[in-house]
Amino acid sequence: MNFELTKEQEDIRNMIRDFAEKSVAPTAAERDEKEYFPREIFNQMGELGILGLPYPEEYGGAGSDFLSYAMAVEEISRVCASTGIGLSVHVSLCSWPIFHYGTEEQKQKFLRPLAEGTKLGAFGLTEPNAGTDASAAITTAVKDGDHYIFNGAKIFNTNGGEAEIEVIFASTDKAAGLKGMSAFIVEKGTPGLSFGKKEVKMGIRSSVQREVFMKDCRIPAANLLGKEGQGFKIAMTALDGGRIGVAAQSLGIAQGALEQAIKYSKERVQFGKPISSNQAIAFKIADMAAKVEGARLLVYRAAYHKSHHLPYSKEAAMAKLVASDAAMSVTTDAVQIFGGYGYTREYPVERMMRDAKITQIYEGTNEVQRMVISGAVLR
Amino acid sequence: MEILVCIKQVPDTAEVKIDPVTNTLIRQGVPSIVNPFDKNALEAALQLKDKHGGKVTVISMGPPQAKEALKECLAMGADQAILVSDRAFGGADTLATSYTLAAAIRKVGSYDLIFCGKQAIDGDTAQVGPEIAEHLGIAQITYVAKIEVNGDTVSVEREYEEGYGIIEGKLPLLISVVKSINEPRYPTIKATMKANRVEIPVWTMADLDVDEQKLGLKGSPTQVRRIFTPPQRTEGVVIQKATAWESVSVLIQKLSDAKII
C-alpha cells in the first residue's frame with residue numbers, strides 16, 4: 001500500500017495552497033458577508049489550469065488526475081468553501097458528464113472552454129418537488145425536428161446564472177419514468193432560458209444557487225448528451241463523482257477549522273497559560289485531528305479509485321458521509337474552543353461552521369449516502 | 001531579447017530560527033523556497049518577454065536539490081534552467097559565487113539583460129548581483145522598482161530610502177530588483193507538470209572556464225565571525241491632526257525641536 005503523493009501531485013497541491021492563501025482567503029469573509037460571487041477568482045483558476053485539472057490536454061485540460069483535483073477542492077475549501085463548491089460543480093457535475101458521455105464534437109465545443117476555464121459550468125437536476133426523488137421531476141423536452149423544446153424549472157442551481165454551460169435533465173418520455181429522463185447541454189443566452197431568485201443561505205454565501213426557468217426553450221438535438229433515456233444514469237454517475245468533490249470540500253473546511261483551533265488554543269491565555277495546555281481542549285483537538293485524518297484517507301481513496309477507473313460509487317458515498325459529518329463536528333468544536341470570539345465574525349470559524357452544514361445535505365443528503373452504502377454492502 | 005535570471009534556493013526564513021549558541025541558522029526541517037526577491041526578478045524578466053518577445057533562462061548555483069527551485073521557475077514560465085553545481089563550489093562566499101556564476105553566464109553566451117533579486121533572504125548581503133556585473137565587465141543598476149526597455153536603452157526607477165532616482169542604461173545590463181517592482185505570477189498546473197518532466201542540465205567545474213583557486217571555500221576571502229539580528233529601524237511618525245493646519249504646526253514644531261529648521 002502506498003500513501004505517498006507523487007512529486008507532481010505534491011507540486012500541484014503546493015501551488016494551489018499558495019494561490020488559495022494569497023488570492024482566495026483574503027476576500028472570503030467579505031464575500032460571505034456581501035453574498036458576492038467572485039467570477040474573477042474563477043477566471044484566475046481557469047488561467048492556472050485548475051478548472052480543467054483532471055481532463056486531458058486534448059480537451060483543454062491540465063492532464064492531471066482526480067486525486068489532484070480532490071486536493072485542489074480541499075485546498076480552496078480550506079480557506080473558502082463557497083469557492084470550493086463552485087469549482088466542484090464545474091469540474092465534477094458539468095464537465096465530467098460531457099467528458100464521459102459526450103461526442104467528440106460536444107467535447108471540443110463544450111468541454112474545451114470549460115476545461116480551459118473560459119466558460120463556467122453548472123448542473124440542473126433538482127426541482128421544487130424532486131429533491132432526493134429525482135423521478136418526480138416534471139421538466140420536459142419534446143423533440144421538434146432538430147431541436148428539443150424544454151419546459152420546466154430547476155432550483156438550487158449552483159453557479160446558475162453565472163455559468164455559460166449547464167447540463168440539464170429533462171424527461172423525453174414521461175411514461176417511462178426514470179428511464180425516460182435525458183441529459184442535455186444548455187447554453188446561457190438560449191431564448192426561453194431565464195434565471196430566477198438567488199437563494200439567501202445560512203452558509204456558502206459567496207456561492208450562488210439560482211432558480212432556472214425554461215419556457216419553450218429550444219435546445220439543438222445535437223446537445224443531447226448520451227442517448228435519450230440515459231439521463232438518470234448520467235445524473236447518478238455524475239453525482240458519484242460530485243460526491244468526491246463535496247467530500248473534498250468538507251475535508252478542506254474541517255482542515256481549515258482544525259488549523260484555526262490549534263493556532264488559537266496556543267495563543268489564547270486564560271488562568272496564566274495557553275488554553276491548549278488544558279486537557280479538555282487538547283483532547284478535543286486530538287479528536288478533531290483524528291476525524292480530519294480519517295476523512296482524508298476516505299476522500300483520497302475515492303479519488304484514487306476514480307483516477308484508476310475502479311468502482312467508486314460506494315467509496316465516494318462513504319467519503320462524503322464521513323467527511324461532511326467530520327466537517328460539521330470539527331467546525332462546531334472549533335467554535336467551542338474559540339469561545340465567545342468563535343461566535344463572532346471576527347474569526348473565520350463562525351463562517352466555517354455555517355458552511356459545513358450544507359455538506360451533509362447536498363450532492364445527496366447523508367441519508368442518501370447511507371442508501372447507497374447499504375445498497376452496496378447488503379447486496 | 002535574451003534575458004538571464006540568477007536565482008537562489010534559500011531556507012524559508014519565515015520558519016527558520018537562529019541557534020543562540022552557534023549563531024548559525026537551524027536549517028533542519030525548514031522548507032526550501034526560491035528566494036522571494038529572485039521571484040520578483042523572474043517576474044520582471046517574464047513581463048519583458050511577454051512585451052518584447054525573447055527567451056528567459058534561469059541559472060542557479062547550489063546543491064543538486066536546487067533543481068527544485070529551478071523547476072518552480074520553469075513552472076512560472078522560464079524557457080530554460082541551468083544548475084551550476086559541483087562539490088568544488090561548496091563553501092563559496094559572495095566573491096567565489098559571483099565568479100562562478102559569471103563563468104556560467106559566459107558559457108551561456110549571448111544576453112541582453114541579467115536580472116537578480118536585490119539580495120537573498122538567508123545571507124542578506126546584496127553582493128552577488130553587483131559582483132557578477134563586475135566580473136562580466138558590464139553596467140549594473142541595483143534596487144530597481146520599475147523598468148522600461150526601448151531599443152537598447154533601459155530606463156529604470158531606482159529605489160532609495162528617501163525616494164526614487166530615474167536612471168538610464170544601455171544593454172547589456174545587470175539589474176537587481178526590489179519587492180515593490182511586481183507581484184510574481186503563479187505557476188500554472190500545466191507548466192508545473194511539464195517542469196517536473198524536464199531534465200535540468202547541471203554544469204560542473206569541468207564545464208566552466210574557471211581558475212580552481214577562485215572557487216568554493218578556497219576562493220572565499222570572507223569569514224563569518226558572528227551572526228546577529230541588527231537593531232530594528234525605528235518606524236516613521238505619522239502626524240494626523242484634525243486639520244491640515246494643526247498637522248503642519250506639529251510638524252514644524254518637531255522639525256525645529258530637532259534643529260532641522
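Let's start with chain B of this predicted model: of its 261 residues, 37% count as buried. Taken along the principal axes, the C-alpha atoms of chain B fill a box of roughly 70 × 55 × 40 Å. In terms of secondary structure, you'll find six helices and 13 strands in chain B.

How is chain B divided up? There's a domain 1, running over 2-214, and a domain 2, covering 234-261. If you take the centres of these two domains of chain B over their C-alpha atoms, they come out 42 Å apart.

An unreviewed UniProt entry annotates residues 122-217 of chain A as "domain: Acyl-CoA oxidase/dehydrogenase middle". What's that span made of? Residues 122-217 of chain A are 51% strand and 0% helix, and the C-alpha atoms at the ends of the span sit 17 Å apart.

Further along, the UniProt annotation "domain: Acyl-CoA dehydrogenase/oxidase C-terminal", again from an unreviewed entry, takes in residues 229-376 of chain A. Here the make-up is 77% helix and 3% strand, with 24 Å between the end C-alpha atoms of residues 229-376.

Next, the nonpolar cores. The largest one has 119 residues, and the members with the most contacts inside it are A:Ala70, A:Phe184 and A:Val299. Which element gives this core its largest share? That's helix H6 of chain A (residues 231-267), which puts in 16 residues. Leaving aside neighbours within four places in sequence, A:Ala70 is in contact with A:Ile244, A:Ala248, A:Val299, A:Tyr300 and A:Ala303.

Finally, where do the two chains meet? On one side of the interface are eight residues of chain B, in contact with 14 residues of chain A. Sorted by class, the chain B side that touches chain A is made up of four nonpolar residues, three polar ones and one charged one.

Note on methods:
Residues numbered from 1 in each chain as written. Chains lettered and ligands numbered in written order. Predicted model: local features only at pLDDT ≥ 70, side-chain atom pairs only at ≥ 80, totals over all residues. Contact = placed C-beta atoms within 7 Å. Nonpolar A, V, L, I, M, F, W, Y, C, P; charged D, E, K, R; others polar. Domains from an automatic or database assignment. UniProt positions renumbered as here; feature names shortened; annotations may be inferred. Helix = DSSP H or I, 4+ residues; strand = E, 2+ residues; numbered from the N terminus. Buried ≥ 20, exposed ≤ 12 C-beta atoms within 10 Å, placed from the backbone. Core = buried A, V, L, I, M, F, W, Y, C linked by C-beta atoms within 7 Å.
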